[in-house]
Amino acid sequence: MNKILSHSDVISQLSDGMTIGVGGWGARRKPMSLIRAICQSDLKDLTIVSYGGPDVGLLCAHRKVKKLIFGFVSLDMIPLDSHFRQARQNGELEVMELDEGMVQWGLRAAAMKLSFLPTRVGFGTDVLKNNPEIKLITSPYADGEQYVAMPALNLDVALLHVNKSDQKGNTQIFGPDPFFDEMFARAANKTYVSAEEVVETEGLGGKEGAIFNRFERSLVTGVTHAPGGAHPTSCAPNYGFDMEHLKTYSAAAKSFEDYNDKYLNISHTDYIEAVGGETFVNNIPLPQF
Amino acid sequence: MADSISLSEICITAASKAWKDDGELLATGIGLIPRIAAGLAKLTCNPDLMMTDGETFLISKPLPMGKRDASEDLIEGYMSYSRVFENLWGGQRHAMVTPTQIDSFGQTNISCIGDHSNPKVQLLGVRGFPGNFISHRNSIFIPNHSIKTFVEGEVDMVSGMGYNNQHALASKPDIFSVVTNLGVFDFNGPDHQLQLLSIHPGVSIEDIIENTGFNIAIKSDEETTLPSDEELTLIREVLDPMGTRKIIFGE
């Protein structure tokens, strides 16, 4: 079995109007090479589910997003994403704004093939007012408590970035926090991963390596080799986030054409060269919080 | 030493008291002043607190602000984001946060300014506020106490619920302490009204009333307790030796 695909192979398996979940968290371990490939494509009217960072900003800047399902969009050290702000303030997209935990609950419901999961989160806030499609449910037990019925967030596709994979889609995430990538993979009909390193199964490190296998290969449809694929977001322990690039990216909200010409309309290999080369990326220090 | 006490040091010390009686709860201070304050609490009034390195690991000693030699961190446990949710839904956390707006009901906003369907200013999004405020104790730090932060009426997008929540079984949040650049408050006035507990040096009651967009109760107008020599030493030499706190008030 060989699931290796090119960036363009992955894009050819996506279609207009799809609901796409993006793994990672803020400016951390985002599948940016796949996101840039979507930006270069003709795809449109996407619904994006994300713990948002520059993935959301770039897709907004390229008018790919019809609807965003999110709890936040942030670049970590730079608290706000300028492209997302601009799109929101110009009224360019629909939003389903949720608590971070509700996003997880929606993915988990989808992962378990349930239509919803109950929670108290949302009560007393405008999250319920602004999302009238979210219904309430009463406990059938003696307590009779009313809960928010967080609907399943069913994904057509999940896009994730991992440290290592073999050709069969046995992936490994070495960063200390795997975030909610597993839930995205389980909530999706198809999951495509980009990987820093693609190895033979023998190169996965046996039992020690298998501890970092966060979800099983049957969930993975395709694997794209993308060294530096999370740049400018971080990919612990390989590299940190590129603050200088994130500043350039943020400033580009005012005049996007230059940034686009320099970094977007090129292959992933050329992109890595444009931002300083693979050695440079792999030497970006991990951030301290 | 006491002659040169700064506003940031007064706020950090006042904020640290919020965690005094929390036992082993996870103390999460989000932002410079709350984070230094949580560290100070662990080094003074409550050594039992759990605390993270700002990322994935629980540490035994609060970390200094700014660059450090991470090999010196004493790591005692694991706290991925997934585990943070499990912890907070179980009520095992006390966070201190800085909302962009807060109203007389204790409702907080970090989502956007203006109408949510077409915001004038897009901020972060509600983040974890809905889950935090319904699940566990929270305190609040506001560096710019004004009628733009303490707003008249209701906040623009209710992100954290307030004391006006009518939902029967989760009707009241637990907002423990509110520390601002002007004074120290809580929501334990009549019918959960915001009440003044102490005023920082050089601030008048009139300053506070003028800069708050709603009526508050005055429980006490005594001066905020200043940091002790021990607290000043811990802030200046252990928790924030590079003085990152000074940026908050331009000190």
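Predicted model: local features only at pLDDT ≥ 70, side-chain atom pairs only at ≥ 80, totals over all residues.

**Entry 1: the contact between the chains**

How many residues does the contact take from chain A and from chain B? I found 35 residues from chain A and 34 residues from chain B, where two residues are in contact if their C-beta atoms, placed from the backbone, lie within 7 Å. On the side of chain A that touches chain B, β3 (65-73), α4 (82-89), α5 (100-111) and α6 (126-130) each supply at least two residues. I take helices (H or I, at least four residues) and strands (E, at least two) as DSSP runs, numbered from the N terminus. That side of chain A divides into 15 nonpolar, eleven polar and nine charged residues. For the classes, I count Ala, Val, Leu, Ile, Met, Phe, Trp, Tyr, Cys and Pro as nonpolar, Asp, Glu, Lys and Arg as charged, and the others, Gly among them, as polar.

Residues are numbered from 1 along each chain as its sequence is written, and chains are lettered from A and ligands numbered from 1 in the order in which they are written.

**Entry 2: domains of chain A**

I looked up the domain assignment next; the bounds come from an automatic or database assignment. Chain A has domain 1 (7-99 + 153-281) and domain 2 (116-151). Their C-alpha centres lie 31 Å apart. Four residues of domain 1 of chain A are in contact with five residues of domain 2 of chain A. The domain 1 side of that contact has two nonpolar residues, no polar ones and two charged.

**Entry 3: α2 and α3 of chain A**

How do the axes of α2 (residues 32-40) and α3 (residues 54-61) of chain A cross? They come within 9 Å and cross at roughly 10°; axes are lines fitted to C-alpha atoms, for helices over the stretch in contact, and angles run from 0 to 180 degrees between N-to-C directions. That makes α2(A) roughly parallel to α3(A), a label for angles under 35 degrees.

From α2(A), I listed Met32(A), Ile35(A), Arg36(A), Ile38(A) and Cys39(A), which meet Pro54(A), Asp55(A), Leu58(A) and Leu59(A) of α3(A). The contact divides into seven nonpolar residues, no polar ones and two charged.

Is α3(A) buried or exposed? Eight of its eight residues are buried, so α3(A) is largely enclosed by the rest of the structure. A residue is buried if 20 or more other C-beta atoms lie within 10 Å of its own, exposed if 12 or fewer, and partly exposed in between, with C-beta atoms placed from the backbone. The buried residues include Val56(A), Gly57(A), Cys60(A) and Ala61(A). Just after α3(A), Arg63(A) takes a positive phi of about 55°.

Most residues other than glycine have a negative phi, and most peptide bonds are trans. With that in mind, I noted the exceptions below.

- Lys113(A) has a positive phi near 60°; it lies in the loop between α5 and β5 (116-119) and counts as exposed, with 10 C-beta neighbours inside 10 Å.
- Phe179(A) has a positive phi near 55°; it is found in the loop between β9 (171-172) and α7 (181-187) and counts as buried, with 22 C-beta neighbours inside 10 Å.
- The peptide bond from His231(A) to Pro232(A) is cis, with omega near 10°, and Pro232(A) is in the loop between β11 (220-225) and α9 (243-251).
- The peptide bond from Ala236(A) to Pro237(A) is cis, with omega near 0°, and Pro237(A) is also found in the loop between β11 and α9.

**Entry 4: over to chain B**

I counted seven helices and 13 strands in chain B. Of its 251 residues, 49% count as buried. The C-alpha atoms of chain B fill a box of roughly 50 × 45 × 35 Å along the principal axes. Among contacts in chain B between residues at least 6 apart in sequence, 66% join residues at least 24 apart.

My last stop was Gln195(B), in strand β12 (residues 195-199). Gln195(B) is partly exposed, with 17 other C-beta atoms within 10 Å. Leaving out residues up to four places away in sequence, Gln195(B) touches several residues, among them Phe185(B), Asp186(B), Ile216(B) and Lys219(B). The C-alpha atoms of Gln195(B) and Ser220(B) are separated by 8.5 Å, and the two residues are 25 apart along the chain.

Methods: Parallel < 35°, antiparallel > 145°, perpendicular 65-115°, else oblique.
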